[in-house]
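Student: I would like to learn how to read a structure like this one. Can we take it feature by feature?

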Number of protein chains: 2
Amino acid sequence: MPTVTLKDVAKVAGVSYATVSRALSGSPEISEETRRRILKLCKEMGYTPNSVARSMVKRHTDIMGLIVPSLNNPFMSELTAHLEIYARTRGYNLMVCNSSYDYDLEKEVFSLLVGRQVDGIIMIPAGHESYEPLNALTSQVPTVFISENMKDYPENYVSVDNHRGMQIATEYLYSLGHRSILYFGARSDSKTHQLRLDGYLSTCEKLSIEPHVLRSSYTRSSREVGYAMGGEYFSRPHQETAILCAADMLAIGVMQAAFEAGVRIPKDVSLMGFDNISFSALPQIDLTTVNQPFQQMAIAAVDMLLERIKNPAAAHAKLILPPSLIERKSCRALGK
Amino acid sequence: MPTVTLKDVAKVAGVSYATVSRALSGSPEISEETRRRILKLCKEMGYTPNSVARSMVKRHTDIMGLIVPSLNNPFMSELTAHLEIYARTRGYNLMVCNSSYDYDLEKEVFSLLVGRQVDGIIMIPAGHESYEPLNALTSQVPTVFISENMKDYPENYVSVDNHRGMQIATEYLYSLGHRSILYFGARSDSKTHQLRLDGYLSTCEKLSIEPHVLRSSYTRSSREVGYAMGGEYFSRPHQETAILCAADMLAIGVMQAAFEAGVRIPKDVSLMGFDNISFSALPQIDLTTVNQPFQQMAIAAVDMLLERIKNPAAAHAKLILPPSLIERKSCRALGK
DNA sequence: AGCGTTATTGTAAACGTTTCCGTTATTGTA
DNA sequence: TACAATAACGGAAACGTTTACAATAACGCT
């Protein structure tokens with residue numbers, strides 16, 4: 001309760017508090033003897049340096065803000081876990097804010113974080129119409145996005161190659177003999193989902209197959225949305241042989257709907273996801289999908305942010321990581 | 001970049017900075033006219049209050065620390081999501097730290113957080129042998145645990161009634177006709193798991209059935225651990241008709257092992273979990289389990305912490321929430 | 001007219017550090 | 001022996017707020 005300050009230990013040590021500060025900070029301009037004496041005294045008195053006072057004068061907090069649309073989605077929480085762990089090894093703590101897929105909330109917590117003087121912000125955008133208003137915000141503090149470039153302005157970001165990922169997925173399905181592939185996606189004004197859709201569309205064209213697209217009116221790729229979309233789809237006549245989902249969670253929801261509708265996967269229809277969340281590896285799910293290198297993305301994002309903090313004037317950076325196919329049991333080759 | 005401070009706006013407004021501060025804080029001792037004028041000026045100049053400077057003088061940060069063993073476990077991440085969202089409505093931000101189930105790391109990040117001057121800490125303990133060393137720590141800052149009481153000392157906590165939960169589970173299995181029930185648990189020096197095990201054990205005694213317990217050497221209740229335990233169990237002769245797991249993630253791992261070993265659930269063996277994470281509701285998993293009221297626990301924890309922050313001297317509080325049975329398809333009634 | 005209130009504003013200290021600069025004592029060098 | 005250089009430390013300002021206190025002005029009252 002009665003917190004002991006640097007002043008307190010200076011007083012009992014009989015030195016100025018500049019000296020104590022020097023002892024703690026490992027400054028060379030202090031004798032080894034007094035340093036040892038003071039350090040010992042600090043332990044004894046239970047002194048803990050006050051980071052906020054230090055931040056005040058050093059003009060940085062060693063805190064990164066993280067804005068994430070949801071933590072219930074394993075894609076987000078796995079990413080968050082890696083982000084936090086790696087950031088801490090670099091001496092930073094994470095202040096985590098949930099935007100709940102709400103655009104206004106995204107802006108609100110962004111401002112809140114800059115008020116808190118975070119040194120930088122990592123943002124996983126929920127994916128809304130336009131991000132110009134954020135523009136004014138991102139000029140206030142180094143920011144890196146985990147997501148591909150928003151349409152409105154340049155920025156720092158790291159992402160998988162979403163376009164390429166969906167190309168891989170579509171080609172894989174094609175190679176299995178599928179010619180009628182349904183694409184299930186979230187609302188496309190999210191850049192990420194725009195690119196995924198585009199990857200599908202352009203590959204369809206290249207392969208000369210007709211694209212079929214079903215888009216949710218929601219921007220979130222949750223199990224619930226997939227379940228609802230799947231339920232509706234299966235309840236009506238349909239003849240696609242494969243469903244390609246924009247996210248694993250969507251696919252898992254579809255799988256659930258398929259199960260309830262009595263359609264068997266992959267016997268009646270093949271199913272693919274995108275993300276490769278850990279649950280997709282469960283034998284009961286066993287979802288063929290496209291892998292996002294979570295840890296690599298997390299490390300790259302904080303490294304990139306660190307770089308921007310050091311040098312805010314530098315040019316915008318981007319890093320696009322390669323996706324890879326994870327072949328499991330939710331797709332089957334079409335017999336001839 | 002060149003951040004505008006309160007002093008700056010005071011200068012252009014031609015008033016003292018005390019006046020600006022009063023305008024911002026909604027103090028009554030200022031004229032409506034100057035307040036409006038100053039507020040407008042703040043917008044124009046893009047002034048953002050510096051929370052760390054404010055924290056310096058007000059001697060609180062409006063930040064809560066959260067220490068969580070893992071974010072990959074949906075139990076943790078769902079809880080974290082609720083915690084963060086609710087805390088923010090109460091004006092607090094969350095600084096999240098992953099302890100990675102490491103006892104030393106738990107202590108380390110705890111100290112780190114008090115150095116950061118968080119107003120309080122919410123901790124989900126990983127569950128280790130003894131928590132006396134933490135005792136010295138928790139005296140430094142209001143702390144509430146999400147978990148039942150550690151063995152060593154009094155504290156604030158909120159939890160489900162773990163003992164009762166396992167009693168419910170065991171009785172349910174018994175009511176289905178099971179007389180040989182295997183308990184799969186994590187290392188029992190976690191109080192939570194001790195209580196769960198105890199709930200099972202005491203109910204067995206009450207029902208006069210013989211308890212069978214298999215404990216992992218790991219303290220974490222992950223899918224991997226469940227998978228390993230299950231794999232080993234199924235590879236050897238076994239005759240229990242039901243498996244009761246200390247956590248859903250464990251059960252899901254066991255389910256995976258069962259699948260690979262060719263044992264069918266619930267036909268060959270019934271399976272129960274504990275937690276009711278959202279994934280357990282998937283039709284492919286459909287795990288009968290014991291529910292923990294996540295949101296209620298989260299709200300209670302931050303409310304309790306708020307209470308302790310207001311009144312640190314008050315007696316320790318505890319809140320034990322009732323668990324409930326979630327009946328799904330992973331258990332079957334034994335025919336006669 | 002004089003005086004006590006009240007409303008509004010300014011002054012300055014304080015929060016706990018870091019760091020620049022100055023001071024003293026000690027050492028080395030000529 | 002004298003002087004410069006260095007090592008070790010103290011003093012004080014600064015970071016951006018809040019707030020106790022003082023000051024001023026305006027007003028109402030007798």
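Tutor: Start with what you have. This is a predicted model, where local features need pLDDT of at least 70, side-chain atom pairs count only at pLDDT 80 or more, and totals for chains, interfaces and linings use all residues. Residues are numbered from 1 along each chain as its sequence is written, chains are lettered from A and ligands numbered from 1 in the order in which they are written, and side-chain values use heavy atoms, with hydrogens and water left out.

Student: How do I read a pair of packed helices?

Tutor: Two packed helices are described by the angle between their axes and the distance between the axes. Axes are lines fitted to C-alpha atoms, for helices over the stretch in contact, and angles run from 0 to 180 degrees between N-to-C directions. Helices (H or I, at least four residues) and strands (E, at least two) are DSSP runs, numbered from the N terminus. Take helix α8 (residues 162–175) and helix α9 (residues 191–207) of chain A: their axes come within 7 Å and cross at roughly 40°.

Student: What word describes how α8(A) and α9(A) lie to each other?

Tutor: They are oblique to each other. Angles under 35 degrees count as roughly parallel, over 145 as roughly antiparallel, 65 to 115 as roughly perpendicular and the rest as oblique. The crossing of α8(A) and α9(A) is right-handed. That word applies if the near helix is turned clockwise from the far one, and left-handed if anticlockwise by less than a right angle.

Student: Which residues make the contact?

Tutor: Contact means heavy atoms within 4.5 Å. From α8(A), the contributors include His163(A), Met166(A) and Tyr174(A). From α9(A), they include Leu195(A), Tyr200(A) and Leu207(A). The residues of this contact of α8(A) with α9(A) divide into six nonpolar, eight polar and four charged. Here Ala, Val, Leu, Ile, Met, Phe, Trp, Tyr, Cys and Pro count as nonpolar, Asp, Glu, Lys and Arg as charged, and the others, Gly among them, as polar.

Student: At what angle do α1 and α2 of chain A pack?

Tutor: Helix α1 (residues 6–13) and helix α2 (residues 17–25) of chain A pack at about 110°, with axes 8 Å apart. That makes α1(A) roughly perpendicular to α2(A). Leu6(A), Lys7(A), Val9(A) and Ala10(A) of α1(A) meet Tyr17(A), Val20(A) and Ser21(A) of α2(A). By class, the contact of α1(A) with α2(A) has five nonpolar residues, one polar and one charged.

Student: How do I read a nonpolar core?

Tutor: In soluble globular proteins, nonpolar side chains tend to be buried together. A nonpolar core is a set of buried Ala, Val, Leu, Ile, Met, Phe, Trp, Tyr and Cys residues joined through side-chain atoms within 4.5 Å. Buried means under 20% relative accessible area, exposed over 50%, partly exposed in between (1.4 Å probe, protein chains only). The largest nonpolar core has 150 residues, of which Leu83(A), Ile243(A), Leu83(B) and Ile243(B) touch the most other members. Apart from it lies another core, of 32 residues, among them Val114(A), Met123(A), Phe145(A) and Ile121(B).

Student: Is Val158(A) buried or exposed?

Tutor: Buried, with a relative accessible area of 0%. Val158(A) sits in strand β5 (residues 156–160) of chain A. Beyond neighbours within four places in sequence, its contacts include Phe145(A), Met304(A) and Leu319(A). Val158(A) and Ile299(A) are 141 residues apart in sequence and 9.9 Å apart in space, C-alpha to C-alpha.

Student: Where is Ala242(B)?

Tutor: In strand β8 (residues 242–245) of chain B. At 0% relative accessibility, Ala242(B) counts as buried. Among the residues it touches, not counting those up to four places away in sequence, are Leu173(B), His178(B) and Val269(B).

Student: What should I look for in the backbone?

Tutor: A cis peptide bond joins Ile265(A) and Pro266(A), with omega about 10°. Pro266(A) is in the loop between α11 (248–261) and β9 (270–272) of chain A. In chain B, the bond from Ile265(B) to Pro266(B) is cis, with omega near 10°.
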